[in-house]
Amino acid sequence: MLKVLIVLLASLGLAACQSAAVPDGPLPESSVYRVDARWMTDAGDSLALADLRGAPVAIALVYADCGTACPMIVHDMKKLGEAAGTPMRYVLVSLDPARDTPEHLRTFRKGHELGDDWTLLRGTPDDVQTLAAVLGVRYRADPDGMISHSNLITLLGTGGDVVARQEGIGTDPAPAVAALRTSL
């Protein structure tokens, strides 16, 4: 009986590891992860978007000095994650790479109590512009140093394909969550 239990537990553990594995092979044609860029995390590590494969991702473009929409986008992302009820990653990409140094992003992380499932990225202005275009985020620097931008959270499937977009602030996450669940 003990041998049967050990074999059963071992096979369940193997199945869990296999289901959590990062998918191999080519990216889907529609994958956001095809954006060919290297990003720097708030920890100072280098990362490619394709490194995020294997789990659903909620991604938004924000900047640390924003005192209005960006904190609300972070709040909405947390709310979306709670409603989804499934493990996912959260990615914030800086619209202001000149000012959002890794140290500045770490301060933002701490101030918003963002856990290990959150990745904060900065890239070159060209890479940010490319990603913004792929995600459908419009932005422009204002003369006062602020950045006007779309309030958009994009949900990506495990291969980086867009499964839902949540536009606006304080939006009901139910439609995005339903689309995410359908994609899983």
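Predicted model: local features only at pLDDT ≥ 70, side-chain atom pairs only at ≥ 80, totals over all residues.

Colleague: Which residue does Ile 59 stand opposite in strand 4?

Modeller: As a general idea, strands of a sheet pair through backbone hydrogen bonds, either parallel or antiparallel. In this case, Ile 59 stands opposite Val 91 of strand 4. Strand 4 (residues 89-94) is joined to strand 3 by 6 bridges, and the two run parallel.

Colleague: In what order do the strands of the open sheet lie?

Modeller: The order is 2-1-5-4-3-8-9, with 7 strands and mixed pairing. Strand 2 and strand 9 have a single partner strand each, so one side of each lacks a neighbour in the sheet. Helix 2 (residues 69-84) packs on this sheet and touches strand 3, strand 4, strand 5, strand 8 and strand 9. The direction of helix 2 makes about 175° with that of strand 3. Helix 5 (residues 174-183) also packs on the sheet, where it touches strand 8 and strand 9.

Colleague: How many bridges join strand 8 to strand 9?

Modeller: There are 5 bridges, and these strands run antiparallel. Within this pairing, Leu 155 has Ala 164 of strand 9 as its bridge partner. The two strands form a hairpin with 5 residues between them, and Gly 160 in the turn has a positive phi of about 90°. Strand 8 is also joined to strand 3 by 3 bridges, again antiparallel; there, Val 57 stands opposite Leu 156.

Colleague: Are the two faces of strand 8 covered or uncovered?

Modeller: Both are covered: Leu 152, Thr 154 and Leu 156 are buried on one side, and Ile 153 and Leu 155 on the other.

Colleague: Which residues touch the most other members of the largest nonpolar core?

Modeller: In soluble globular proteins, nonpolar side chains tend to be buried together. Here the largest nonpolar core has 51 residues, and those touching the most other members include Leu 92 and Leu 155. Setting aside residues up to four places away in sequence, the contacts of Leu 92 include Met 77, Phe 108 and Trp 118.

Colleague: Is Asp 42 buried or exposed?

Modeller: A residue counts as buried under 20% relative accessible area. Asp 42 has a value of 5%, and is therefore buried. Asp 42 is found in the loop between strand 1 and strand 2. The side chain of Asp 42 makes a polar contact with that of Arg 109, at 2.7 Å. Beyond four places in sequence, Asp 42 also touches Pro 102, Leu 105, Arg 106 and Leu 120.

How values were computed
Residues numbered from 1 in each chain as written. Heavy atoms only, no water. Core = buried A, V, L, I, M, F, W, Y, C linked by side-chain atoms within 4.5 Å. Buried < 20%, exposed > 50% of the residue type's maximum accessible area, 1.4 Å probe, protein only. Contact = heavy atoms within 4.5 Å. Helix = DSSP H or I, 4+ residues; strand = E, 2+ residues; numbered from the N terminus. Pairing = 2+ DSSP bridges. Polar contact = N/O pair within 3.5 Å; in protein donor to acceptor, adjacent residues only side chain to side chain. Axes fitted to C-alpha atoms, helices over the stretch in contact; angles between N-to-C directions.
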